[in-house]
Structures are given as C-alpha cells and as structure tokens.
Amino acid sequence: MPKKIRLGILGGGGDSLIGVLHRVASHINDNYQIVSAVFNPDFEQSLAFARQIDVPTNRIYKDFDTMVEEEMKLPPEQRVQVCSIQTPNFLHFPMAKKLLDNGFHVICEKPMTTTLQEAKILQEAHRKSGTVFVLTHTYTGYPMVREMREMIKAGALGKIHKVDASYYQGWINPVIHDPEVRKTVWRLDPKKAGISSCMGDIGVHAFNLIEYTTGLKINSVLCDFNYLYDDNQMDVDGTVLIRMGKHIKGLIRSSQVATGEENALTINIYGEKAGFRWEQENPNFLYMTSDTEALKVLKPGHSYNSKLSLAGTKLPPGHPEGIFDSMANIYLGAARAIRGEEYNDGEFPTMLDGVRGMNFIEATVNSHKGGNIWVDLE
Ligand SMILES: NC(=O)c1ccc[n+]([C@@H]2O[C@H](COP(=O)([O-])OP(=O)(O)OC[C@H]3O[C@@H](n4cnc5c(N)ncnc54)[C@H](O)[C@@H]3O)[C@@H](O)[C@H]2O)c1
C-alpha cells in the first residue's frame with residue numbers, strides 16, 4: 001500500500017455545507033490523510049474543529065498565506081502535497097493560483113473562479129506548474145454518469161440531436177423575499193459569489209454534465225434570467241437555449257426558487273437510435289429509451305458496465321452508492337494522477353472543464369444583460 005497523500009484543507013469547516021462531503025470522500029479509498037488546514041477564517045474556530053475531528057493542531061494555520069509560507073519551510077517529504085479548496089467562490093482563484101505557483105497539487109470546488117479572465121490566468125499558472133489540478137464537479141463521479149459517457153462514445157445513441165439538462169433547487173425561495181435575510185447569504189453577494197448566483201452555482205453543473213456525457217461542446221447560448229426583485233443583483237433562476245451544432249440543440253434550466261425542489265439535477269439526451277434519462281436524486285438508475293424497444297434500466301456494478309463506470313463502484317450491485325462515493329471517485333482519480341499512476345480519461349474534471357464552465361457562466365450573463373441575445377463561447 002503506497003503511503004497516504006498529505007492533504008491540506010481550505011474552508012470546509014464545521015460551519016460549512018460541503019466540507020463533510022470532501023472529508024469523507026477523501027477517506028473512502030484510504031488514499032489521503034489531512035495534515036494541515038485553515039478550516040475557517042477565525043483561527044480559534046479552526047483549531048476547535050481540528051480537535052473535534054482529530055486532526056493534529058500543529059499545522060492548523062491562522063490564514064492561507066501563513067499556511068503556504070510555513071508549509072514551504074518543511075522538507076518536501078513532510079509538506080502538504082495537495083490542497084483542497086472548499087471556500088466561497090471568490091477565494092478559489094487567489095488560493096489556487098498561489099498553490100500552483102508554489103508547486104502544490106490542487107483540488108478545487110466549482111465554479112473554478114469568479115471570471116473567465118481569472119480562469120485563463122489560472123490555466124496558464126497550471127500549465128507552468130506541472131502539477132495536478134482537479135475540479136470537483138461531483139456528479140461526474142457517479143457510475144451511471146460515467147456509463148452514459150462511455151456508451152455515447154461507443155455510439156449507443158447514434159448521432160445526438162437534442163439535450164435537455166436542468167438543475168432545480170428551492171432553497172433560496174424562503175430567503176429571497178426579505179431584503180434583510182437576503183443580505184446574509186454569500187451566494188447572493190456578487191463580491192463573494194462572482195457574476196452569477198444560480199447559473200454559477202448549479203447551472204454550471206448541468207453545463208458540465210452535458211459536455212462530460214456527450215463529448216460535445218456547447219458553442220452558443222441565449223439566456224433569460226429571473227432576479228425576482230429589482231434590488232436583487234443576482235440571478236436566482238435562468239433558462240438557457242444552447243446550440244452544439246447546426247442540428248444539435250437543447251436547453252439548460254436552473255433554478256434556486258423552484259419551490260420544494262431539493263437537488264433535482266436531471267439530464268435527457270436524445271440521439272437518432274436511442275435516448276438517456278438520468279436523475280441525480282436516484283443516481284443508480286440510467287433509463288434508456290427507444291422507438292422500437294421496451295424501456296431499459298441500466299444499473300452500476302454489472303459486467304455489462306464500462307471500465308470507467310466499474311472503476312467507480314466498490315460493492316456488489318444492489319448496495320446503493322451515492323454522493324459520498326461519487327466525490328470519492330473524483331478523489332480516487334486525483335490520487336492516481338498525483339502518484340503518477342495510470343488513470344482513465346474522465347476520472348476527474350480538469351482545468352479545461354473549469355475554463356469552459358467560466359466561459360459558459362460569463363456567456364449567460366452577457367446574453368441576458370445584452371437583451372437575451374445569442375452569445376458564442378470561445
Ligand atoms: N461540488 C458540489 O456539488 C458543491 C456543492 C456545494 C457547494 N459547492 C462549492 O463549495 C464551495 C463552498 O460552498 P459551501 O456551501 O460549503 O459554503 P459554506 O459557506 O457553507 O462554507 C464555506 C467554508 O469556508 C470557510 N471560509 C470562509 N472564508 C475562509 C477563509 N478566508 N479561509 C478559510 N476558510 C474560509 C467558512 O468558514 C466555511 O467553513 C463553493 O464554492 C460552492 O460553490 C460545491
């Protein structure tokens with residue numbers, strides 16, 4: 001068994017939503033050990049949380065800059081190898097840039113940055129660094145998402161002509177109607193979230209899922225946002241028409257005010273031979289539709305699954321694996337890349353996915369603000 005990879009955590013403290021997903025995921029395949037962190041901007045809270053989860057406090061730092069400075073003083077065999085960034089969006093770019101410039105591997109939450117310009121600067125820093133960069137579009141780790149990618153690549157749907165992906169949540173509905181409550185949410189603050197709330201937070205997952213599964217690139221978008229109130233600067237709902245080719249079209253729908261919805265990410269992909277339907281809230285069922293055959297339901301862990309899909313299951317079929325396992329699959333791919341081992345294409349989203357995501361978010365904002373016009377992605 002190779003030694004565990006020394007992992008540093010930024011954000012993801014006891015007060016966070018996503019921290020537990022990363023911590024559990026990093027442990028699932030026994031590849032990582034948390035050796036250092038800034039869990040929280042408040043040093044005392046960071047220390048308290050480290051004690052709570054039994055991480056030694058000698059390498060819990062008061063802030064990110066101190067962490068890099070102190071870790072760089074350590075011999076390479078003790079130093080953090082990879083840092084996982086789980087902070088609000090505006091900190092992703094400065095943290096990732098400094099980490100890459102100092103030779104650390106990076107696992108980063110989405111959206112990768114707050115602007116496309118930052119994303120391109122980060123891409124250049126990554127190119128120079130020669131390190132591994134992994135973007136945690138969590139849903140690409142699900143076995144049946146991987147199965148869609150591999151089956152589409154093998155021609156199971158034939159030529160694709162229509163894609164419809166949506167990500168509906170309702171959690172901002174109770175928040176948005178009171179201007180005072182609204183101010184307490186960082187996702188509605190452009191200084192912390194970036195240029196978009198809904199499209200940047202969840203629409204970008206739907207975008208990534210389309211490009212990941214179909215292998216197609218979205219060329220242009222036409223977007224209509226809903227801000228709900230004139231004094232709210234951030235989109236909380238958006239509908240996007242997408243073009244992937246002259247005869248390949250579709251849409252991305254995302255909402256944070258879809259009352260009562262939880263994490264309803266769904267994708268429908270239609271080709272000349274067959275179609276796929278997949279729903280994040282029931283991730284182990286992949287529906288295959290046909291004009292001539294009965295509906296097929298594909299499941300993970302079977303001999304008929306692709307190599308990439310099977311690399312993401314640990315137990316015999318019928319033992320449901322879920323969101324923790326999906327993120328763990330991304331951490332597993334990252335571990336292979338960090339160790340210089342062979343890994344399958346598609347085991348984790350990359351820097352390019354981050355740049356594409358920021359290109360998409362910016363294009364939707366420009367489309368809406370330009371009067372609902374078609375905007376090309378680069
Ligand atoms: N991949 C996914 O499916 C998914 C799901 C949810 C959130 N996210 C992303 O994860 C990130 C965090 O989201 P969240 O919902 O967990 O946010 P959150 O507000 O719940 O948690 C943010 C954490 O960062 C810490 N933090 C803030 N400033 C910091 C600083 N300067 N130094 C160190 N720590 C700091 C906070 O104390 C907190 O622990 C966002 O970028 C979000 O888009 C991704």
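Strand β1 (5–11) is joined to β3 by five bridges, and the two run parallel; strands are DSSP runs of E of at least two residues and helices runs of H or I of at least four, both numbered from the N terminus, and two strands count as paired if DSSP finds at least two bridges between them. The structure is a predicted model, in which local features need pLDDT of at least 70 and side-chain atom pairs count only at pLDDT 80 or more, while totals for chains, interfaces and linings use all residues. Residues are numbered from 1 along each chain as its sequence is written.

The five strands form an open sheet with parallel pairing in the order β2-β1-β3-β4-β5. Because β2 (32–38) and β5 (133–135) are the edge strands, each with a single partner, one side of each lacks a neighbour in the sheet. The twist averages 20° from one strand to the next, angles being taken from 0 to 180 degrees between N-to-C directions of axes fitted to C-alpha atoms, for helices over the stretch in contact. Six of the seven residues of β1 are buried, so this strand is largely enclosed by the rest of the structure. Here a residue is buried if 20 or more other C-beta atoms lie within 10 Å of its own, exposed if 12 or fewer, and partly exposed in between, with C-beta atoms placed from the backbone.

Together, β1, α1 and β2 make a right-handed β-α-β unit, meaning that, with the strands pointing away from the viewer, the path from the first strand over the helix to the second runs clockwise. In α1 (residues 19–28), the buried residues are Gly 19, His 22, Arg 23, Ala 25 and Ser 26. These fall within an arc of 165° when seen down the axis of α1, and therefore line one face of the helix; the arc is that of the directions from the helix axis to the C-beta atoms. Their cover includes β1, β2, β3 and α12 (323–338). Just after α1, Asp 30 adopts a positive phi of about 60°.

In helix α3 (residues 64–73), Phe 64, Met 67 and Glu 71 are buried.

Terms used
Two residues are in contact if their C-beta atoms, placed from the backbone, lie within 7 Å.
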